[in-house]
Amino acid sequence: MSQPAAIHLSGVSKRYGRTLAVDDVSLSVAHGEVFGFLGPNGAGKSTIVKMVLGLTYPTAGEIEVLGQPVGSLAARAEVGYLPETFRFHDWLTASELLHFHARLARVSADVRSRRVRELLELVGLKDRANDRISTFSKGMMQRVGLAQALVGEPRLVILDEPTSALDPIGRRDVRDRIRELGECGVTVFLNSHLLSEVEQVCDRVAIIDHGSIVAEGKLDELLNAQEIELRAGEGAEAAARETLGEGGVRHINGRLRVRVANDDETARLIRRMIEAGVPVYDVRQVGDSLEDLFVRVAERGDV
Amino acid sequence: MSTHLIAFFTLREALRRRVVLAAALLTLGYLVLYGVGVWFGYRDLQETQGGPPGLTEGVVSLMLVGGLWSLNFIASVLAVFLSVGALSGEVDQGTLHAIAARPVRRSEIVFGKFVGFTLMLAVFIGVSASLMILIVAVITGEVVGASWSGPFLMLLAAMLLIGLALAGSSRLSALPNGVIVFTLYATALIGGVIEQIGDVLESAVMFNIGVFSSVLVPTRAMWDMASAQLATGGFAGELSAGPFGASNPPSGWMLLIAALHLALTLGFAVRAFERRDF
Ligand SMILES: Nc1ncnc2c1ncn2[C@@H]1O[C@H](COP(=O)(O)OP(=O)(O)OP(=O)(O)O)[C@@H](O)[C@H]1O
Ligand SMILES: [Mg+2]
């Protein structure tokens with residue numbers, strides 16, 4: 001059958017003293033997938049990432065990475081990681097840091113220098129290659145961190161808020177880079193609360209809140225047709241309320257906005273209107289924005 | 001195996017951060033001062049008429065032991081300062097996250113750092129002790145203390161402190177760890193003094209407290225063995241007791257205890273660090 005998932009968590013929990021940071025999370029990320037992991041501050045995103053890397057130990061549950069038990073050296077050799085804090089030994093130069101990580105990642109000596117040079121160019125630090133990291137701005141440190149994550153040609157890249165310190169151009173570069181990785185078959189696990197970023201690059205997302213996953217799926221499915229917008233004649237509103245109940249029906253800019261659960265419900269509503277002799281001029285699906293979804297989930301704790 | 005990468009990295013960090021440079025400059029200054037002291041001391045000694053036979057050799061040897069005692073102290077402080085924040089300090093700062101996520105065992109991080117710090121201390125003790133022996137030999141014409149065992153025992157003392165500091169650092173952050181390690185170090189020092197007093201007063205309790213403290217932290221015992229090796233002549237042996245050494249040097253068993261101590265602290269450091277969350 002298909003190969004094992006790139007990341008697989010089953011029933012993972014993490015307790016810090018009295019705080020339950022992660023609560024019984026099960027999750028699979030397929031090979032080659034660009035996976036977005038969203039959630040408000042303190043939701044447990046970084047904790048999950050650190051458990052996947054074997055930096056932190058789960059209180060309960062099982063984790064597999066690239067088909068190996070979490071923390072195994074073989075799996076780690078193929079993982080690249082950009083930590084949330086992106087703090088590195090700042091007495092090193094950018095080039096030295098990358099060389100060091102290339103060695104740790106077991107990159108063979110004959111390609112190391114070329115790889116380091118290419119990556120520094122990629123993240124826009126070619127001119128600063130031989131400057132110490134202590135002289136870098138925050139954004140430059142994050143760029144070095146990104147290059148560091150990619151230096152071992154990983155099959156799985158785990159980025160914990162990779163653009164938090166970047167300027168708009170840097171953000172776009174990172175987005176492009178993530179897309180490229182995805183196209184090359186690299187699995188990307190992206191922690192973020194930058195919704196537009198996730199919206200633009202991720203195949204699938206999960207939203208986590210208070211340590212539990214509250215929504216998961218393909219982005220377009222999650223955002224799909226939560227509402228439809230109608231331009232219709234007299235009696236449309238009454239028909240909608242009759243079909244779908246009182247809630248979720250309102251007027252916006254002279255149009256009728258109706259919340260529907262799925263496509264069947266939309267079809268039922270339109271049939272009903274036509275049966276009632278209500279002229280329907282225009283119907284369109286209004287995609288929920290990820291932000292709406294995020295806020296709704298974070299506020300209510302469900303979709 | 002990545003131990004050597006971490007060890008090399010640790011060495012390079014100390015060099016780059018000017019820790020070594022600062023220590024080297026200070027030690028050089030100290031050696032110059034020491035040389036001046038020995039020169040005047042030796043001149044006065046030669047003007048003294050009479051005295052028991054072997055006085056010159058004894059005093060010269062005492063001057064060397066005193067000098068090495070301060071080098072030993074500097075080495076101890078250096079060992080503790082280098083390693084108190086080596087593990088937890090770096091986890092707290094976040095600088096170890098990306099490294100520990102690489103195909104590197106936690107034990108390799110601990111051993112790598114241990115090896116790195118030990119090499120640094122070996123160079124420090126080797127160079128400064130050799131220079132000191134050379135200074136004394138050139139000024140006085142007496143070659144004393146020219147053996148490997150003294151500096152080796154000094155290094156062993158420093159390694160014990162590194163092991164202790166790494167064990168604490170596997171869980172504690174730099175400041176509380178530093179306080180604990182220095183307290184233990186002071187306990188060993190004071191324990192040595194109590195042991196001597198107990199010996200003089202023939203108080204078994206005091207003597208045993210002293211012995212217990214050297215088993216708990218054998219750094220002082222290492223120095224006592226070193227000074228006994230360095231002090232030549234029966235007369236010097238007696239003179240060098242007091243602040244710089246024990247009147248009766250520890251038995252060879254102490255070496256075994258030191259080795260066990262090191263194995264225990266490093267073993268604890270590895271186990272505790274392997275289990276900690278980042
Ligand atoms: N080392 C720790 N000790 C105690 N509690 C911790 C520790 N690390 C995380 N927590 C707690 O676990 C919860 C989840 O934290 P985590 O860092 O995973 O959140 P996050 O989703 O990454 O948030 P952010 O978006 O702010 O980065 C929080 O309540 C936090 O206080
Ligand atoms: Mg986080």
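Colleague: What makes helix 3 of chain B roughly antiparallel to helix 8 of chain B?

Modeller: The axes of helix 3 and helix 8 (residues 174-201) of chain B cross at roughly 155 degrees and come within 10 Å. Axes are lines fitted to C-alpha atoms, for helices over the stretch in contact, and angles run from 0 to 180 degrees between N-to-C directions. Angles under 35 degrees count as roughly parallel, over 145 as roughly antiparallel, 65 to 115 as roughly perpendicular and the rest as oblique. So helix 3 of chain B is roughly antiparallel to helix 8 of chain B.

Colleague: And which residues of helix 3 and helix 8 of chain B meet?

Modeller: On helix 3 of chain B they are Phe73(B), Ser76(B), Val77(B), Val80(B) and Phe81(B), and on helix 8 of chain B Val181(B), Phe182(B) and Tyr185(B); contact means heavy atoms within 4.5 Å. That contact of helix 3 with helix 8 of chain B divides into 7 nonpolar, 1 polar and no charged residues. Keep in mind that this is a predicted model: local features need pLDDT of at least 70, side-chain atom pairs count only at pLDDT 80 or more, and totals for chains, interfaces and linings use all residues. Residues are numbered from 1 along each chain as its sequence is written, chains are lettered from A and ligands numbered from 1 in the order in which they are written, and side-chain values use heavy atoms, with hydrogens and water left out.

Colleague: Why are helix 3 and helix 6 of chain B called roughly antiparallel to each other?

Modeller: Helix 3 (residues 55-83) and helix 6 (residues 106-140) of chain B pack at about 160 degrees, axes 10 Å apart. Helix 3 and helix 6 of chain B are therefore roughly antiparallel to each other. By class, their contact has 18 nonpolar, 4 polar and no charged residues.

Colleague: What about helix 6 and helix 7 of chain B: what is their packing angle?

Modeller: About 150 degrees, with the axes of helix 6 and helix 7 (residues 149-169) of chain B 9 Å apart. That makes helix 6 of chain B roughly antiparallel to helix 7 of chain B. Their contact has 14 nonpolar, 2 polar and no charged residues.

Colleague: Over to ligand 1: how many residues surround it?

Modeller: There are 14, the closest being Gly42(A), Lys45(A), Ser46(A), Thr47(A) and Glu84(A); a residue is near if one of its heavy atoms lies within 4 Å.

Colleague: How do you know that Lys45(A) makes a polar contact with ligand 1?

Modeller: A polar contact is a pair of N or O atoms within 3.5 Å. An N or O atom in the side chain of Lys45(A) is 2.7 Å from an oxygen atom of ligand 1. For Glu84(A), a polar side-chain atom lies 2.4 Å from a ligand 1 oxygen, and a polar backbone atom of Ala43(A) is 3.2 Å from one.

Conventions
Helix = DSSP H or I, 4+ residues; strand = E, 2+ residues; numbered from the N terminus. Nonpolar A, V, L, I, M, F, W, Y, C, P; charged D, E, K, R; others polar. Polar contact = N/O pair within 3.5 Å; in protein donor to acceptor, adjacent residues only side chain to side chain.
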